[in-house]
Each structure stands twice: as C-alpha cells, then as structure tokens.
Amino acid sequence: MDILCHPLWAVSTVLLYVVVRLQRRARWDPKACAVSLTGKTAIVTGANTGIGKFIALDFARRGGRVILACRSESRGSAALNEIKQITGNEDVHLRLVDVSSMDSVREFAKRILEEEKALHILVNNAGVSGLPKQLTKDGFEASFATNHLGPFLLTNLLLDLMKRSASARIVTISSINHTKGQVNFSHFHGENLSHRMDQVYNHTKLHNIICTNELARRLRDTGVTANSVHPGIVMTEVMRHYPFWIRYIFNLIGFFFFKSPEDGAVSPIYCAVAEELEGVTGKYFDSDCSLILPAPLARDAALAVKDFEICERLTSKL
C-alpha cells in the first residue's frame, strides 16, 4: 500500500488522466465548422438525452429545422425547451416515436411525410444495451427491434423524401463493439442468443454497419449518402438497464477516462455536416472522425445483401 501513497503515483495518475483526455478529442471541432443548416431539415432519434440531444443542439445552432424523435413526451419536451432556450431557434419540434415498435415507426414516418416538404439529415441515434430477454409485440428481440429493425424501417420509409431533398445524409450510430458481434438471423426473434453483458448490443451494432453499407450501395447516384460511426465510449444512459454494480464501475471509470455526451456527439455531427464528406458514402468513421475499416463481417458484400433483404422481409410484414 505504500506505493499507492507515494507522490509519484499521484503524479503519474494525473498525467495518465490528462493524456487520455487529450487523446480522446476528435481531430474535428464542430464549433470551428461554419456550415449552416438554414433551410435544411434534420431528424435525430433519441434526442431527449445524451449524444442525441447534443447532436440536435448543434443542428439547431446551425439554423436547421430540427425534429426530435423521442419515446418519452415529458423528457422530449424538456430537451426541446432546453435546445430552444440555448440556441434561440424556434424551429425545433418534438415528434413521438418508439423505435422498438414497428407500428409506432410507421405512424411517425407517416406524419413526417405528411408534414415535411424535405428531409436532409437523418441521424439514427436511439439505442439500448443490457435489456433483459424479451420480445416485442412484433415478435422481435427487444434490443434488435430498438437498435436495428426499427431504425432500418424508419430509414427506408423516409428514403423517397430524402431522395427528393438531395443532397441528403443518413448517419447511423454504431459502435466499436461491432467487432465482437456475430450474424445469426435467428437472433432477430431472440433465438440462439445469449443476453450476457453486452453481447446482444454487439450483434445489433454489427448489423447497423452491414445494412448501412448495403443501403449506401443501393443509393448510389441518388444524392443520398449513408455512413455509420462510432461515437466513442461515452457517459450516457445506455447503461441504465445493467445491474447497479456494473453501472457504478462504469461511471467511476468513465468519470476520468470516457467521453462526455457532448464529446461523443462530435463524430456523428461530422458525418452529418462536414463539407469534406459531401458524396462520401458506405463508410465507417471512428470516434476521432477518422475513416477506418470496420470488422471483416461488416465488409462482406454478399452477407450485406442477404442481411438487408431479410430485414426488408421482416419489417414489410408489419
């Protein structure tokens, strides 16, 4: 224990903390980016908290018409009022949607198509991790419905509007954890699936990248791009379904070494507005905004076609 009390230990700990904090900063600064979204419309799912709220806040600061797609009306309203107060942008709106429910997704998309003349940015941000084993009323495993099938359906329902609005961008929040994911199509219905720790989450994040890449291929020459992005390890509410002791350890370590939600929003914002990404599609970006290769499974073109077609069949039945 003497070594832990030595001044050198304290100094080295502080130095490590500073180094990690500096290294986790993105090479791109959204505040230094002068891109305006005036006249543009953006939708951000899960925008009532965490990364999603800071993405929506940035879009509002840029003068865009911003639609917060949230499940909770009370929390969504609180975020709406906060964003309006901070930015002075009154063209920010709340629309309710539960992305785990295909009926809710269809109702949300129907309203958007009725109310909006254009859609230039869609950020699929809403997601969960650590949910207990359960199926939705549609018969889908709950995490797969929330993290992948719901956003997949929403994106496809809004595609025609985005094509008419081109140029337009689709940004899907994935995770570095996709490298630990596997593809087993029985997972969609909760079969042959382990709910230990973050395993289900990892699988869903792999499917995010696979289907985003296939979507990008299908959207070539339409003026609509689709990319996926890792925001980093971020202190958000994504851990809320885990046991207390896991959340306690995560938050304790995260206080010193993980990104804040504001920092975590940087790479998704980069994908959504950066001028140098105009026309760039079917790519995967790291949390520092660098372009990197995803896992080999995520680059399998034949698997991507199969995955996309299966997701189309599953969601078209509902």
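The largest cavity holds about 140 Å³ of space. The structure is a predicted model, in which local features need pLDDT of at least 70 and side-chain atom pairs count only at pLDDT 80 or more, while totals for chains, interfaces and linings use all residues. Residues are numbered from 1 along each chain as its sequence is written, and side-chain values use heavy atoms, without hydrogens and water.

A cavity here is a set of points on a 1 Å grid, over the protein atoms alone, where a 1.4 Å probe fits but cannot get out; lining residues have an atom within 4 Å of a point. Select Asn 124, Phe 152, Thr 155, Thr 172 and Thr 212: of the 15 lining residues, these are the closest to the centre.

Next, colour H6, strand E5 (168–173) and helix H8 (199–218), the elements that give two or more residues to this lining. H6 gives the most, with six residues. By class the lining has seven nonpolar, eight polar and no charged residues.

The crossing is right-handed.

To see the contact (heavy atoms within 4.5 Å), show Met 102, Val 105, Arg 106, Phe 108, Ala 109 and Leu 113 of H5 with Ala 145, Leu 149, Gly 150, Leu 153, Leu 154 and Leu 157 of H6. By class this contact has ten nonpolar, one polar and one charged residues.

Definitions and conventions:
Left-handed = near helix turned anticlockwise from the far one by under 90°. Helix = DSSP H or I, 4+ residues; strand = E, 2+ residues; numbered from the N terminus. Nonpolar A, V, L, I, M, F, W, Y, C, P; charged D, E, K, R; others polar. 1 Å grid on protein atoms, 1.4 Å probe; cavity = no way out; pocket = protein on both sides within 12 Å on 5 of 7 lines; lining within 4 Å. Points joined across faces, edges and corners; volume = space filled by probe spheres on them.
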